[in-house]
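Here is a short briefing for a first look at this protein. Start with the overall picture, then turn to the charged pairs and the surface.

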Amino acid sequence: MEQLENRLLLAADALEPNDTMAEAVDLGAGDQTHQQLSVHQLDNGDWYQWTATTGGQLTVEVLFDDVLGNVDLEVYDSDELVVAESKTTTNDENVSFPVVAGDSYWIHVFPVGQPLQPDYTLVLDGPGDRFEPNDEFETAADLGTGDQTHEHLSIHEPENVDWYSWTAS
């Protein structure tokens with residue numbers, strides 16, 4: 001009789017495959033929270049792409065319980081240069097850095113040793129929202145037609161206003 005080793009097999013999360021920069025999940029723009037993500041293999045991390053609609057400060061947080069497995073965080077620009085990183089040995093990683101309107105950034109969450117992280121949350125808090133720039137009547141965001149609900153919008157600067165156009169159906 002052979003005894004099998006005692007180990008936990010982790011399933012891929014809903015945003016897989018995103019194991020390389022080329023396979024990064026395009027998150028679009030705006031503030032976001034993605035839960036129940038996992039780093040399920042030792043030699044592979046998770047990659048995400050985010051695009052700034054306006055210039056300002058972006059905060060990226062990876063929330064997790066370090067007892068379940070440690071991860072680190074790096075953010076790259078389009079030249080594949082690290083623009084921010086957080087590599088601690090405690091719960092959670094976070095960075096804040098300036099972003100340029102129209103530029104894309106790649107977020108890399110990767111394992112550090114064993115055990116692997118079965119459950120982390122990715123939080124993005126950036127300047128503006130996905131409808132920016134829409135601060136003037138002439139640049140109103142077109143919402144199209146029909147009933148709609150939009151969440152995670154922001155008035156991100158003092159004296160800021162947002163304009164939208166909508167057609168009744």
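Buried residues make up 41% of the 169 residues in this protein. The model is a predicted one. The protein has eleven strands and zero helices.

**Overall layout**

- Along the sequence, the pattern reads β-β-β-β-β-β-β-β-β-β-β.
- The C-alpha atoms fill a box of roughly 75 × 35 × 25 Å, taken along the principal axes.

**Salt bridges**

- Side chains of opposite charge can pair when their charged atoms come close.
- The count of salt bridges here comes to two.
- One of them joins Glu74 and Lys87, with the closest N and O atoms 3.1 Å apart.
- Glu74 lies in strand E5 and Lys87 in the loop between strand E6 (82-86) and strand E7 (93-99), so this pair ties together parts that are 13 residues apart in sequence.
- The side chains of Glu74 and Lys87 also make a polar contact, at 3.1 Å.
- Lys87 forms a salt bridge with Glu85 as well, and here the closest N and O atoms are 3.4 Å apart.

**Cover within the network**

- Strand E5, which holds Glu74, spans residues 71-76.
- Glu74 has a relative accessible area of 10%. Buried means under 20%, so Glu74 counts as buried.
- Lys87 is partly exposed, at 47% relative accessibility.
- Glu85 is partly exposed too, with a relative accessible area of 46%.

- Glu136 sits in the loop between strand E9 (120-125) and strand E10 (141-145).
- The relative accessible area of Glu136 is 49%, which makes this residue partly exposed.

**Nonpolar surface patch**

- Phe137, Val161 and Trp163 make a nonpolar surface patch of about 320 Å².
- Phe137 is found in the loop between E9 and E10.
- Is Phe137 buried or exposed? Phe137 has a relative accessible area of 59%. Exposed means over 50%, so Phe137 counts as exposed.

**Points to keep in view**

- On the strand side, look for Glu74 in E5, with its side chain in polar contact with that of Lys87.
- On the loop side, look between E9 and E10 for Glu136 and for Phe137.

Conventions:
Residues are numbered from 1 along each chain as its sequence is written. This is a predicted model: local features need pLDDT of at least 70, side-chain atom pairs count only at pLDDT 80 or more; totals for chains, interfaces and linings use all residues. Side-chain values use heavy atoms; hydrogens and water are left out. Helices (H or I, at least four residues) and strands (E, at least two) are DSSP runs, numbered from the N terminus. Buried means under 20% relative accessible area, exposed over 50%, partly exposed in between (1.4 Å probe, protein chains only). A polar contact is a pair of N or O atoms within 3.5 Å; within protein, one must be able to donate a hydrogen and the other to accept it, and residues adjacent in sequence count only if both atoms are side-chain atoms. Patches are made of residues with over 30% relative accessible area and no salt bridge: like charges are joined within 9 Å, nonpolar side chains (Val, Leu, Ile, Met, Phe, Trp, Tyr) within 5 Å. Accessible areas come from the Shrake-Rupley method with a 1.4 Å probe; for residues, only the protein chains shown count as cover. A salt bridge is a side-chain nitrogen of Lys or Arg within 4 Å of a carboxyl oxygen of Asp or Glu.
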